[in-house]
Amino acid sequence: MDRERASRPDANNSSSRAPVCGIFMDFATASHRQRSRTQAFKQKTRSTKLLRLIDLDFSYTLSLLDLPPVNEYDMYIRNFGKKNTKQAYVQYNEDHVERDVQTEEIETREAWTQHPGEGTAVSGGSGSTDSSDAAAVPKVDTPRLSSFLRAACQVIAVLLEEDRVAAEPSWSPRMQDNTLPFSDRSSQLNTSLPFLQNRKVSCLHASQVQRQTVVSVHGVAEKAFAPVLDDKYVLCVWDIWQPSGPQKVLICESKVTCCCFSPFKAFLLFAGTMHGSVVVWDLREDSRIHQYVKLSDCFWTFRTSTFSTDGVLTSVNHRSPLQAIEPISASVYKKQSFVLSPFSTQEEMSGLSFHIASLDQSGVLNMWVVVELPKADVAGSISDLGLIPGGRIKLVHSAVIQLSDSLSHKGYEFWGTTQTLNIKFLPSDPNHFIVGTDIGLISHGTRQDLRVSPKLFKPQQHGMRPVKVNVIDFSPFGEPTFLAGCSDGSIRLYQLTSEYPLMQWNNSTGGRAVTSLQWSLTRPAVFLVQDDASCVYVWDLLKSDLGPVAKQPVSPDRLVAMTVMGEPEKTSGSFLALVLARASGGVDIQFLKQEWATPVGNEQRKLHLLLQEAM
């Protein structure tokens, strides 16, 4: 221990020189750390006690941003929706919630009564209004019902007309006086209407399809009657079974020289005028778009033309008066319809695929296409200036044929410019047509300008003569034969393959000019002729091929026009009628006797053999 005591001072003195081994205790840091821990423990204990007393309120929340994800449709519209698209929005009742419950349906019944009662039925009702009764309501075919009502009204109108005629004895003596010897009976169209008085008939035309339909063309009134009608030409569409009044009344600004109906159905009427224009009337149009005139306490509808080429198609329009206008359609006589109502919808649409040919006296033959517009424009058309506002039918020029070139032959220069007077198309092949001229020749041509033989049909006499071929008519029974009536009174019967006539009658009319000539529509061997001396001739080639079998002068009220009507399809009860226009403005219908109307056995075959013998 003395050594240790002796050595301690040395150790303390040398502490700065050598490290001391052992544990070093820093009491100051430990004391500071101890105070910090004690302070933190106190704070934690206080916060724990305070949290037991304080509770936060989460009753109110606020969404600062709500961005749902983009669906596929929005992404497609964002990428491609701005390219030629239009967005449309609809609103539907999405908040309407329905809940299905199971219960019994309430049975209901509707009942009605009327007080005071005006008839036998003063009360009534219906059964249960369930869905089965609603489904049992019959469907109405409106177009078929409308077509039936039109046909039924036509039948009722005819029956009322017959009853009216039978109840008026004043008509009987007059009809007996007008009945010609070769007729069984006759009737007269009521041309004593206010707007037809003092107007002469210039033309008659019968429909080849609607056998009871005929149109009469009346000139300008000789005495002033109504300012809106005095300078107008009037056309009347008649039904011969309803002679008390016309079915339609049409007006035209220019003088009408020729007219024709549309094939298959007589709902379009075409006319050629003295000024070279072609006009068309659509008889189906609503009468409200036309002019109303009150005459003698009765309102009449005067229809203006639906389309006119006058002043519109100046580059292709005629510059000379029109001589003939004819429909061009394949197999007209095979597609005829004889329904009482001439304006049924189904037939109307099938009847618009045809052409119209117009011929003027200078030899210009124009072809027109008949076009029906899909919708009528009541405001009028900017491009089609010839179309009436509200009209649907117009004409489009198709082709032009200069017939004067084909008539310019050597030896004809002495006669000057040849005039064309009429035209007819072969019924079995409408590509072929024949044209009558003022030099006694009949030209033969085609629409495609093909070579034909013969080019000209000549009379039996050789040499040129100033003879007009006033009228020509093809046989309606399929034979390639036609008749020609001339201004010197001669009648020729040609076959389409022969240059000279099979038969020619030179003195059948006593040298009087033939003004009308038509084949019978019921007998293949019968045709009827009218001359300018107001005489009617009936020809029957099976009885006599030397001259007419009947001749009847008509006087004192002379004839100015004639057309033939007939119904050959009825084996029993077929009729053949002559519609005669008088100089006084009257129009009467002569129903020929049955010997001229009823065909004999094998008549067409007998006529064919007769023509072969003549060849």
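Among contacts in the chain between residues at least 6 apart in sequence, 57% link residues at least 24 apart. Keep in mind that this is a predicted model. The chain has 615 residues, and 43% of them count as buried. Its secondary structure comes to 10 helices and 32 strands.

**The nonpolar cores**

- The largest nonpolar core has 29 residues, and Phe195, Leu295 and Phe302 are the ones that touch the most other members.
- Several strands give two or more residues to this core, including strand 4 (201-206), strand 6 (233-239), strand 11 (291-295) and strand 12 (298-303).
- What does Phe302 contact, leaving aside its neighbours within four places in sequence? The list is Phe195, Leu229, Val249, Ile251, His290, Gln291, Val293 and Leu295.

**A cavity**

- There is one cavity of 30 Å³ or more in the structure, and the largest cavity has a volume of about 40 Å³.
- Phe195 turns up again here: the residues lining the largest cavity are Pro194, Phe195, Gln197, Arg199, Ala221, Phe225, Ala226, Leu229 and Asp230.

**Helix 5**

- Helix 5 covers residues 142-167, which makes 26 residues. From its first C-alpha to its last it reaches 37 Å, close to the 38 Å expected at 1.5 Å a residue.
- Gln154, Val158 and Glu161 are buried in helix 5, and strand 6 is part of what covers the buried residues of this helix.

**Strand 26 and its partner**

- Five of the six residues in strand 26 (residues 514-519) are buried, so the strand is largely enclosed by the rest of the structure.
- Strand 26 and strand 27 (residues 526-531) run antiparallel, and five bridges join them.
- The two strands form a hairpin, with six residues between them.

- Some background first: most residues other than glycine have a negative phi, and most peptide bonds are trans.
- Pro454 sits in the loop between strand 20 (442-446) and strand 21 (456-457), while Pro556 is in the loop between strand 29 (550-553) and strand 30.
- Is Pro454 buried or exposed? Its relative accessible area is 10%, under the 20% cut-off, so Pro454 counts as buried.
- Not counting residues up to four places away in sequence, Pro454 touches His444, Leu496, Thr497, Ser498 and Glu499. Tyr500 is 46 residues from Pro454 along the chain, yet their C-alpha atoms are separated by 9.5 Å.
- Asn198 is not a glycine but has a positive phi of about 60 degrees. This residue is in the loop between strand 3 (183-189) and strand 4, and at 38% relative accessibility Asn198 counts as partly exposed.
- Ser534 also has a positive phi of about 60 degrees without being a glycine. Ser534 lies in the loop between strand 27 and strand 28 (535-540), and with a relative accessible area of 1% Ser534 is buried.

Methods
Residues are numbered from 1 along each chain as its sequence is written. This is a predicted model: local features need pLDDT of at least 70, side-chain atom pairs count only at pLDDT 80 or more; totals for chains, interfaces and linings use all residues. Side-chain values use heavy atoms; hydrogens and water are left out. A nonpolar core is a set of buried Ala, Val, Leu, Ile, Met, Phe, Trp, Tyr and Cys residues joined through side-chain atoms within 4.5 Å. Buried means under 20% relative accessible area, exposed over 50%, partly exposed in between (1.4 Å probe, protein chains only). Helices (H or I, at least four residues) and strands (E, at least two) are DSSP runs, numbered from the N terminus. Contact means heavy atoms within 4.5 Å. The expected span of a helix is 1.5 Å times one less than its number of residues. Two strands pair if DSSP finds at least two bridges between them. On a 1 Å grid over the protein atoms alone, a cavity is a set of points where a 1.4 Å probe fits but cannot get out, and a pocket is an open set with protein on both sides within 12 Å along at least five of seven lines; lining residues have an atom within 4 Å of a point. Grid points are joined across faces, edges and corners, and a volume is the space filled by probe spheres set on the points.
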